Amino acid sequence: MANITVQPQEAPGKPKLHPKSRRFDIGKIMMYVILVFGAVLAIVPFLFTVSVSLMNLTEATGRALLPSTPQWGNYIKAWNDADFGLYFWNSVRIAFITVTGQVIFCTLAAYAFAQFEFPAKNFLFALLLSTLILPEAITWVPNFITVSWLGRVTPLQWINNWPALTIPFMASAFSILILRQFFQQIPSELWDSAQIDGAGYMRYLIKVIVPLSKPAIVSVILFSFIGSWNALAWPILVTTTPDWRPISYGLYNFVDEGGAQTHLRMAGAVITILPLIIVYFFTQKQFTEGIATAGLKG
């Protein structure tokens, strides 16, 4: 009778860890460590700003990390002393006009680059993208000359008014790129179906393209809003009165003969940041989806 050797069985519930799985876990842990480190680098400056905004002047100019007694009145004082109500309203108006114009014009331009065929299409798109490598300061002089000339030849006042602050920024190469990449992923069969239903180019854009491209459009809105809200150098260049100057300019009002009022400036900075946080909080899902899907097709 042949001998039968019984192999010992491994205890159930204890799966053997494959070497590749171990390496994968280590890589995953390293990725999380890097992400946490980056998050800390991004969050700590904001938390420090909030902390200083609740200090008195002595603590703010010293080395204190936390206020001994939170000075919530700093926010009220900053709002009143710097006339933040006017500057805040100016920024809201500037951002609304800029975002509206950019969504309209960038959507139309991206639609043309994605759906139409015309001579030198690829060359023009490459030329448009090449403007992304230009520093922003390079465009200030030609833009200023343009708005000054338009102010003289048109009945509309440009300097010290909303046109100079908004119209030069209603076309963004980056926004056109995001929308164009997203539009190219929409199946061409939808255009054929729309034609059968009697739809033209504009109806197809409004009824089909735009509803399907909400994530990309939300991304454009968010980028446009952030850029408009944070602008400072250009508004100072084209305005000489506070009538249309944005909220970022109001932070300069916390510097007097005795030096910078650091605690009030930080309180003003927190007030300035809050609208950006609120807008991103309500749009983060669509924003993430728009950025993730816009680059799938070149």
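Predicted model: local features only at pLDDT ≥ 70, side-chain atom pairs only at ≥ 80, totals over all residues.
A residue counts as partly exposed when its relative accessible area falls between the buried limit, under 20%, and the exposed limit, over 50%. Ala 120 has 46% relative accessibility, so it counts as partly exposed.

**Loop residues with positive phi**

- You will find Ala 120 in the loop between α4 and α5, the latter spanning 121–130.
- Asn 160 is not a glycine either, and its phi is positive as well, at about 60°. This residue belongs to the loop between α6 and α7, with α7 covering 162–166.

**Helix α8**

- Look across from Ile 176 to Tyr 111: the two are 65 residues apart along the chain, and their C-alpha atoms are separated by 8.8 Å.

**The largest pocket**

- The largest pocket holds about 910 Å³ of space.
- Its lining is made up of 33 residues, and those nearest the centre are Glu 136, Pro 168, Phe 169, Ala 171 and Ser 172.
- Which elements give two or more residues to this lining? They are α4, α6 (136–153), α8 (173–183), α11 (214–230) and α12 (233–238).
- Among these contributors, α11 gives the most, with five residues.
- Sorted by class, the lining has 21 nonpolar residues, eleven polar ones and one charged.

**Aromatic rings**

- Across the whole structure, a search turns up 15 aromatic pairs.
- One of these pairs joins Tyr 87 to Tyr 249 in an edge-to-face arrangement, with 5.9 Å from centre to centre and 65° between the planes.
- This pair links distant parts of the chain, as Tyr 87 sits in helix α4 (residues 84–115) and Tyr 249 in helix α13 (residues 247–250), 162 residues apart.
- Tyr 87 has a relative accessible area of 6%, so it is buried.
- How do the rings of Tyr 249 and Tyr 252 meet, and why does the pair count as tilted? Their centres are 6.2 Å apart and their planes stand at 35°. Stacked pairs have planes under 30 degrees apart and edge-to-face pairs over 60, so this one is tilted.
- Tyr 252 is partly exposed, because its relative accessibility is 47%.
- Trp 79, Phe 84, Phe 88, Phe 225 and Trp 229 come together as one aromatic cluster.

**Charges over rings**

- Arg 93 lies over the face of Trp 244, at 3.9 Å from the ring centre.

**Salt bridges**

- Side chains of opposite charge can pair when their charged atoms come close.
- How many salt bridges does the structure hold? There are two salt bridges.
- In one of them, the side chains of Asp 81 and Lys 77 meet at 3.0 Å, N to O. Both residues lie in helix α3 (residues 73–81), four residues apart, which is about one turn of the helix.
- Asp 81 is partly exposed at a relative accessible area of 46%, and Lys 77 is partly exposed at 40%.
- Glu 117 and Lys 121 also form a salt bridge through their side chains, at 3.5 Å, N to O.
- Are Glu 117 and Lys 121 buried or exposed? Glu 117 has 70% relative accessibility, so it counts as exposed, whereas Lys 121 has a relative accessible area of 10% and is buried.

Key: Residues numbered from 1 in each chain as written. Heavy atoms only, no water. Phe/Tyr/Trp six-rings, centres within 6.5 Å; stacked < 30°, edge-to-face > 60°. Buried < 20%, exposed > 50% of the residue type's maximum accessible area, 1.4 Å probe, protein only. Lys NZ or Arg CZ within 6 Å of the ring centre and 35° of its normal. 1 Å grid on protein atoms, 1.4 Å probe; cavity = no way out; pocket = protein on both sides within 12 Å on 5 of 7 lines; lining within 4 Å. Points joined across faces, edges and corners; volume = space filled by probe spheres on them. Nonpolar A, V, L, I, M, F, W, Y, C, P; charged D, E, K, R; others polar. Salt bridge = Lys/Arg side-chain N within 4 Å of Asp/Glu carboxyl O.
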